[in-house]
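The tour below goes stop by stop.

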Amino acid sequence: GRLEAVTQQMGYHPQYLDSFLKTQHYLMHMDGPLPFDCRHYIAIMAAARHQCRYLVNLHVLQFLRAGGDPQWLRGLEFIPPKLRNLNEINKILAHRPWLITKEHIEKLLKISEWSWSLAELVHAVVLLAHCHALASFVFGCGCEQDEGLGGRGSLKPLSLGNQCFCEATAGNNYSQELLRINRKRSLDSCMELDSLRERMQRIHVETEGRDEMRLLQQDREEGEGQGAEVGVHMAHLGLSPLADTDGEVTGATNLACYMQDPDFGYQDFARRDEDQTQVFRVQDYSWEDHGFSLVNRLYSDIGHLLDEKFRMVDGLQSSAMAKRQGCEPSVFKRGIWNYIHCMFGIRYDDYDYAEVNQLLERMLKVYIKTVTCYPEKTNSEMFDRFWKQFKHSEKVHVNLLILEARMQAELLYALQAITQYMI
């Protein structure tokens, strides 16, 4: 049942779940440039960057089922150089995607025995971004924590067979069964979001906004005081050994073997002690006008699946939010989306970033930033403190926004670098 925790949480929004499962299945199990075992090993590398044992364990099992060499599970030193060369772009995409350059792309594509093709690299980049963002969702919704060890206590095993979310597809009515189960389960009681409505309404009378770089600087100042709350970054986490059919232990004992430079992590895009980094302007390179066509050309049909998923999360409606007078759910969702992109240096010239400070109270912003930038530091206390006024389905909704906004941000930087290389 633990492997179904992600699907169970996404089941609160069955239309999105269908779209997610189609994309997941296509990435991992359908025809594509990369061998199946390599896909799951890349997923292991990506999940390890955030110390996500849940995803690492899942893909270790899938890697072995796909015929992967058990020796690879001993760590990066035991895999082909071609895969090992992906480590640098994995590290940068996971923590500071704005550092990706065409030189990184050129290094992987240069003619050699271990060179990547453009199609293979695009497949790998999509896998990396997908698993980084999914790790945020796993930690944000508590799937990583054991219920008996301070977890959310909201995850219960489902009796839907031994199928994991990696293999499920939209055509098997899986999400409809989840919807039926979730309808029977009472949602968390919640307070009406009067304060949120008032903040939304004040947006329309605000006459002056703050620059988005000031917003990021403010976040950094707030973040300096939260170290005790979110804990210290762990360099090593244990991974439960996995046994093959002969009883031999094939899993690693920790996640450190799947990483190089474990201390490399997120760093605020706008730092007061450094020159301002060049912002990424969506008007110059966007998913709709540039990224979609490039990724779809090099990895057939994945662009359509990703685009459907982005649109699906944007179109999700929260019934509670929709009923509040004077409240526009689209404004709230856009505030979260743009705030996440802002943390990665992505700017929308047509957006007033004063709305972020109006819509998102400080504790909510700290939670979103933690789940987005260093999800391994998320804990149940943070979850409970930040979400008292939300129903559980709304908590999942916001975590889906975090997942998709983060994934798109990583893809924009990687695809722009590939485009620059091709030019």
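Rings of Phe, Tyr and Trp (its six-membered ring) count as a pair if their centres lie within 6.5 Å; planes under 30 degrees apart are stacked, over 60 edge-to-face, and the rest tilted. This is a predicted model: local features need pLDDT of at least 70, side-chain atom pairs count only at pLDDT 80 or more, and totals for chains, interfaces and linings use all residues. Residues are numbered from 1 along each chain as its sequence is written, and side-chain values use heavy atoms, with hydrogens and water left out.

**Stop 1: the aromatic rings**

Select Tyr-41, Phe-63, Trp-72 and Tyr-258. Ring pairs join Tyr-41, Phe-63, Trp-72 and Tyr-258 into a cluster. By the ring rule, the count is 15 aromatic pairs.

Next, select Trp-98 and Phe-344. Their rings form a tilted pair, 6.5 Å centre to centre with 50 degrees between the planes. Trp-98 is in the loop between α6 and α7 (102–109), and Phe-344 is in the loop between α16 (329–343) and β2 (346–347), so the pair ties together parts 246 residues apart in sequence. Helices (H or I, at least four residues) and strands (E, at least two) are DSSP runs, numbered from the N terminus.

Tyr-266 lies in the loop between α12 (227–230) and β1 (280–281), so its pairing with Phe-344 ties together parts 78 residues apart in sequence.

Buried or exposed? Phe-344 counts as buried at 1% relative accessibility. Tyr-266, at 14%, also counts as buried. Buried means under 20% relative accessible area, exposed over 50%, and partly exposed in between (1.4 Å probe, protein chains only).

**Stop 2: lysines**

Select Lys-91, in helix α6 (residues 87–95). Lys-91 counts as buried, at 8% relative accessibility. What does Lys-91 touch? Leaving out residues up to four places away in sequence, Lys-91 touches Arg-49, Gln-260, Asp-261 and Phe-264. Contact here means heavy atoms within 4.5 Å.

Now show Lys-82 with Trp-116. The charged end of Lys-82 sits over the Trp-116 ring, 5.2 Å from its centre. Then show Lys-377 and Tyr-374: the charged end of Lys-377 sits over the Tyr-374 ring, 4.9 Å from its centre. The rule asks for NZ of Lys or CZ of Arg within 6 Å of the ring centre and within 35 degrees of the ring normal.

**Stop 3: helix α8**

Select residues 118–140. Helix α8 has 23 residues and reaches 33 Å from its first C-alpha to its last, close to the 33 Å expected at 1.5 Å a residue. The expected span is 1.5 Å times one less than the number of residues. In α8, 21 of the 23 residues are buried, so the helix is largely enclosed by the rest of the structure.
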